[in-house]
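Have the viewer open as you read.

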Amino acid sequence: ILTQAILAPPWIGPGRPMEEHDEAFSRPLVGKFVRTSLVDAVPTTPFASATGEGDEWQSRSVDGQEGLCIGWEGGKQRLHLVLTFEGLLAKVPVANLVEFEPKSAEAGGFDTIWPASEADSEVFALTVAESLQSKGYCVVQTFVDAPERREALSAATDVKELEEYRRETEQDYMGRKNNTKVKRLKQDTPDSKPEDALERCNHQLTNLGLLLVPLAPDYLGFSPSAQSKAVARLRFASEAEADRLAPTPLTDDDIEEGLVKDHILFVQTRKVCMLYMIDNEGGDLSLYHKGGGEVVLPVAKNKLVLFQHDRMSYSYKPKGESLAVQAWMLGDMPAFQLSRIEGGNAEKQQLMGIVGPVAPGGPRAQIMSMATRYPGDCKEAFAYWTMQMHGTDCCTEWPIDRFDLELYYSADPGDTVFGKAYTNHGGFLRYEEVTAFDNEFFNIREAEARSTSMNQRMFLEIGYEGLWRAGWRKDNLWGKNIGTYVGDVGSDWHDNTKNFSMWLYDPDFTATSVSSAIVPSRLSYIFGMVGPTMTFDTACSASLYATHHAHMAMLNFDAWDTDTAGSLIGGVNTVGQMGHVNNCMANILTHTGRCFTFDETADGYQRGEGCGAMFMKLSRESKDQESRVACLVSSVSSHDGKSASLTAPSGPAQQVMIKHCLKFGGVEPEEVSFTECHGTGTALGDPIEMGAIAAVLLDDRETPLWHTTPKTNISHLESGAGLSGLIKMIVTALHCSVPPNVHFRKLNPHVDMEGYPRVFQTEMGDIQCNGCYAGASSFGFGGANARADIYTIAQKGPQAKTEMIPEKLDFMSVVCPKCMGCMCYRCGVAVPLNATRGQHHCQLLRDEFADYHFCSDCYEGEFRYGVAVEDMDSWNDKIRVWTTGTYSSWSSVDEMEPDGEGGYTCKVLLGDSCVEDFHLRTNFGQCLFPGRRRGGKSSRVIVGGEEDRKNRNWRINGIEDNSTTGTVYKVTLTWGDRRTLTWEPVETGSLREDEEVLGSTYRHGYFISGSWSQWGLKEMSCVSLTNGMYETTLMIGKLGKEEFSIRRDRSDQQVIHPAFAKAESGSVPVRGPDDAGNGKHFLVRGRRHEDVTVRLCIRSGKISVTATTASGSVTKWESQSEEDRTYQVMGTFNSFRRTPMQQASAGEYRCRVALLDFEPQDFQIAVDDDKTWVFYPSHSTTTSGDALTLGPDADGTGQFWTITDGEPGAMVEIVLDLNQEDSRKVVTWSFVNMYQLTI
C-alpha cells in the first residue's frame, strides 16, 4: 500500500535481517520515543532513500533531535537505530538516548506517527480513523529529511499553474483569511510513479486516502468516492504579490460556466481534508467546530493534519518560507432517479432532441401496453414489428390438422355451388396457439374450458397479457374500474353446428361458451373488474370501433369526475372451413391466395386469424407520458350513409371521418407522417380509400405521406383487423421507420398519384423525424367506419430518442425533505411552480457551515452570494384570496381579509372532529396548497393550477394543540418574497360579535353505509347537537350479521371506521374522519330481522360508535389518541406478516428484525396492522435516510426500503420517528453491533 520512499527498510543494521534481532526488540528503548543528548556525529542515512543494500552512511550531528527507536545493533556502544523526526536513520549509542513522552497534538506534538513499516500500516490507519471519529482531527508526525523538503519546495516554486478561486468561494477551500498562493498539482493515482520530492509527498496523501477507504463508512460515516486533485500552498513572497493574486469576485460568466455549481458539489462532498505541512517556520492552524469552539494547533514541519471538513472550518497561517500539500477525501453525492419531466411539450421535445410535430397536451388516452398473437409466430408486439420489417409473408396453405382439403377445396371457382372454396390459403396461427389454454390459471374447470370458444380462450390469455404488460396482476385487478372492449364477429368453428358446445363437450355451458357477448365479460368476471364490457360486431372495423368506444368511455368518466383505472381493448378472430366457403360463394376472397393491397392485381382479400390487445388509461401525468408506448390522440366512428350499395364504400364519408378525427385531436393534416390503410386488396375498396386520403391529407403538403397495411403480411383478420393495424402503426411509429408492403409490384391504375406526395414503399423507409402522428382506418362491409390517430416518439432503432439532454434542462429539481416543495438538486434554491423561463444556473451560496439538504426557503442562515429564483406568481394588490375546506364540507368559498400589503387573514371554527382541512384560491384561478398531502405550518405555500394540487390540503389539527370543538383559529397568509401560511388559536373573548368565523353556521351531516343496503347512504338523526350525538337503526339480515361505516357529509374522504376490517370487538379503536376507511367496517351480529340502534358521538376529536341490539347486546368502539396508534414492520424477512414496533419515546417506535439470507430485504411500515395503509419511500432505496418517507396511505404498492449487505441472522433495528421534520429521517435502519459484511 505504501511506497518504498515512506517505508522503513526491512533491516536494522547493514546486512543484518530483522528476524535475527529478537533479543534487540526486548531492549527497553526499542519502540519508544527518544531524544538524543550530548552526542557527536554519528552514522546517518536519509530514511526516504534507504534500501538496506549499499546505503551510504554519513556522519552527521543529531544532537537534540527526537525520534522513534526502531532497532538495536549492539556492539560495545550498544548502538540503537533511531528514526528521527527530521527524516534520518541514525545509529546512536544508548548512553546518548533519553526516553520522553511526546506532547499532545494541541501542544505541538502529534496523535500518531507515519508507519515505520508496512506491517504497521493497518494499525496506523485505525488510529487515524479513531482520532477523526473522537475529536474530528488527527495530527500525524512524518519523516522527511531537510534535503527532501528543500527539493519539494523548489519543485513547488517551479509549478506555473495557479489555482484560481473566487472571493466568495476561496474560504471553502483554503480556509479563513488565506495568506498563501495555491498551485494545482498533477493528478496522482495509486499507480503513479513519483519523479521528484513534491510528487512523493503528494503520493503519500494518495496512499493515506487508500488506507482510510475501508474504515470511512464505520468510523467517519461516509463512503469515499474519490480523492481530489492536490494543490501546493506557498506563502506569499510579499504584500504586493498577495494583492496581485487576490481572488476576484464572482461574475455572471462564472455562474453560467457552472463555477458555483461545481463549487457547491465540492462543498457537499468534501469529507476529510488532508493538509501536509512539509516545511515552514512555525505558525498556527485553527480549527473551528460547526457547533462552536476552536482548537489551535501549532504549525510545524513534517506534520500532516487530517480533519473532518464537513464538520469544521479552519485557518492556516504559516510563518516564513513554507510549503504544504493539500487534498480532500470526497464522499458520494446522492444518486437521483428521474421521476418526471415537467414543462410544455415543445420544451420537452427540445430537451429530448426530438424532431417532428409537438406532442398533444392535456389529459389524453395513454396506450401503456400491447400484446399480440398473430400469424408468423408474432407472440409480442416487437416480434410483430420484426416480421413486418423483414417483409415476411405469413400466409400459408390450410393447415392439414385443421382443414380437410379434399372436402372443402376446389381450384375450380364454379365448385362453390357444391360447398367448396376456391382458395386454400390464409394467415393462420399454429395449432396449439388456437387450441391450447391454461384453464387452471384462470380458475376454469376443464369441462367448461373445453366447451369455451377459441375466441374466448385466446382473448383471456392475450387480454391478461395486455394487462400484465401494463403492470396489473391478478391480485390487484379486483374491484378496479377497468373497461373491456372487444371486436369479435364470432368463431367459424362454432358455425359448424348451433349445438357445438353440447355436441362436442358439455351442454351445461352452451349459452356462455360460444357467445361473443361473453368474450370481454369473462375476463372481467374472472378478475373482478367492474368497468363496462362491450362486444362489437361491425365486421372488419369491429376492434377499431371497440377502441373508439373505450376512448369515449374514459373521456365520459373524466367529465363525470368518476375514477377509472383504464380500458382494455381487444380484437380476436379464428377461421374455419365454412367461413372460407361462404366468402368464396360471395366471391369476395382473392383467387390468388394473398392480399395484393395497392397492386393492380388486387382481386379480393385473404382471411386470417389472431388476437391483439392493448391497455390504455386517461392521464395527464408526466410519468405516464414517459412510460407510454403511444398516445391515442383522437378516434371517431361513423357510417357511410346512403352509398352505391349496402356494402359499397363511400369516399366522401371516409373523407368526413378523417377530417373529424383530425379536428378532434387538434392535428393538422400535414403533421400526419404515415397512414395505416384498411387496404384489404379489393379492386373497388383500395382506390376509394386512397382517394379519400388524398383529398384530406395530401393537400398543400411538403413531405410525402407513407402508406402501409399489415394485410399484405398476415391477411385480413376481420374483427381483429382494426387493432392489428393500430398496433402495427404504433410499433412503426416507435421506430419512425415504415416497413415494406408485401406483394406490391405495380400500382393500381385507379389510385391517383398525380400531384400528390405519397409513397407506397417496397422496402424500409425512414420517416425523417423521431416524433410523429399517424392514423389508422377501418371500414366494415356494412358501412360502419372507424379511425384512430396516435402520437409517439421513436424509442427503438437509429431514430430512438429515449434520453434527455441534461444541458437543455431549465431546472433539475428534487423535493425538499422539510417543506416538500421543489428545490434545485445542487444548490437547494427553492424552485417555484411558475418560475422564470430559461436555464437555471446555480448561484446561491450559503454560509460555510451550511448544508444544502433543505431548500433556500427552509434554510435559516445567511447567504454569501446570489439571489433566489424569481417567482412569476409574485404578489400584487389586485390579488384576492378565498378559502374552502372541510369546515363547510367544501360547499362554500369564502374570501380572506387583505391588509393591502400581501397579508390575508380569516378565522375558522374547529368542528366536532377538531381537525379541518383547507386550501386557498385566488381571483386569477390559482390554487394555493402545501407541498405535502396534509400540510402543516412548515409546508411550502405552492401556487399552481387545480391539476397541480393533487388533493393536497393544509390541516389544522386542534388535537395536537389540545383545542376543543368550537375553538376559533386565525389563519394568516403572508404573500411576500417567501409565502408563508400560519394559524393560531384565538383567545376566548377576543372576537367581535359581528366578526365572520368560517364554519360557524355550517352543520355537518353523518350518513351510515352498510351491507344491508348494498352500501347505500342513510342519514343519521341528530339526537344532541351540543354533545355531537347522532343515531339510526338497521335490521340484521339473513346471515345474522351486518357491516357498516359512517361518512361525514357523504364524503368517502371523511369516513369514520375501525382501525381494522370486520371489527367486531369493542377493543378495536375508531379512526377518522379520513380517507383510510376503504374496506374497514364495524361488524355487528344478531338474530335475523333484529333491530340494531347505532349511535355516533363525536365531540372535540373524541369519537365513539355504539351498536345496541334489541336483545340488549351492546358493543362500543372508541377512538384513541395518535399516541395509541400501532405500527408494524412487514418485509421479506417476516414474509410480510407484520412485526409490531415498540414505542421508545413520544412519537418514536423501534423494531429489531433478523435477516434471513444474503439477499436484499424489502420492507414497509404498516399502520394499525393494516397492510394497505403504509409508510413507504418516495423511491425504492438501499440507503437508510436517503428517500423521502411518504404516507401513510394506500399508494405504496411496489415501493420498499431495501436492506442490503447483511448476513443470515444479522439483526437490524428499524426506527420510525414521527417527530422528524426531515422526511428522509422518519424511517431509518441500522445494523445492531455492526453485524454487517465488510467489503
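Helices here are DSSP runs of H or I with at least four residues, strands are DSSP runs of E with at least two, and both are numbered from the N terminus. The model is predicted, so to speak of local features a pLDDT of at least 70 is needed, side-chain atom pairs count only at pLDDT 80 or more, and totals for chains, interfaces and linings use all residues. Residues are numbered from 1 along each chain as its sequence is written, and side-chain values use heavy atoms, with hydrogens and water left out.

Let's start with Ser131, which sits in helix 1 (residues 121-135). Ser131 has 9% relative accessibility and so counts as buried (buried is under 20% relative accessible area, exposed is over 50%, partly exposed is in between, using a 1.4 Å probe and protein chains only). Skipping neighbours within four places in sequence, Ser131 is in contact with Asp111, Gly136, Tyr137 and Cys138, where contact means heavy atoms within 4.5 Å. Now look across to Phe307: it is 176 residues from Ser131 in sequence, yet their C-alpha atoms are 9.4 Å apart.

Arg166 is in the loop between helix 2 (146-158) and helix 3 (170-174). Is Arg166 buried or exposed? It is buried, with a relative accessible area of 14%. Its side chain makes a polar contact of 2.8 Å with the side chain of Asp254. (A polar contact is a pair of N or O atoms within 3.5 Å; within protein, one must be able to donate a hydrogen and the other to accept it, and residues adjacent in sequence count only if both atoms are side-chain atoms.) Again leaving out neighbours within four places in sequence, the contacts of Arg166 include Pro247, Thr248, Pro249 and Leu259.

**The cores**

A nonpolar core is a set of buried Ala, Val, Leu, Ile, Met, Phe, Trp, Tyr and Cys residues joined through side-chain atoms within 4.5 Å. The largest one has 100 residues, and those with the most contacts inside it are Leu198, Leu285, Leu287, Leu306 and Leu323. Beyond its neighbours within four places in sequence, Leu287 is in contact with residues including Tyr137, Val295, Phe307 and Met312. Apart from that core lies another, of 50 residues, with Tyr374, Ala381, Leu544 and Phe674 among them.

**A four-stranded sheet**

Strands count as paired if DSSP finds at least two bridges between them. Cys1151 stands opposite Ile1214 in strand 70.

| Cis bond | Omega |
|---|---|
| Gly1072 to Pro1073 | about -5 degrees |
| Gly1191 to Pro1192 | near 0 degrees |

Pro1073 is in strand 57 (residues 1070-1074), while Pro1192 is in strand 68 (residues 1189-1193).

Cys914 has phi near 65 degrees and lies in the loop between strand 43 (903-909) and strand 44 (915-922). At 0% relative accessibility, Cys914 counts as buried. Ser1100 has phi near 55 degrees, in the loop between strand 59 (1091-1099) and strand 60 (1102-1109). Its relative accessibility of 24% makes Ser1100 partly exposed.
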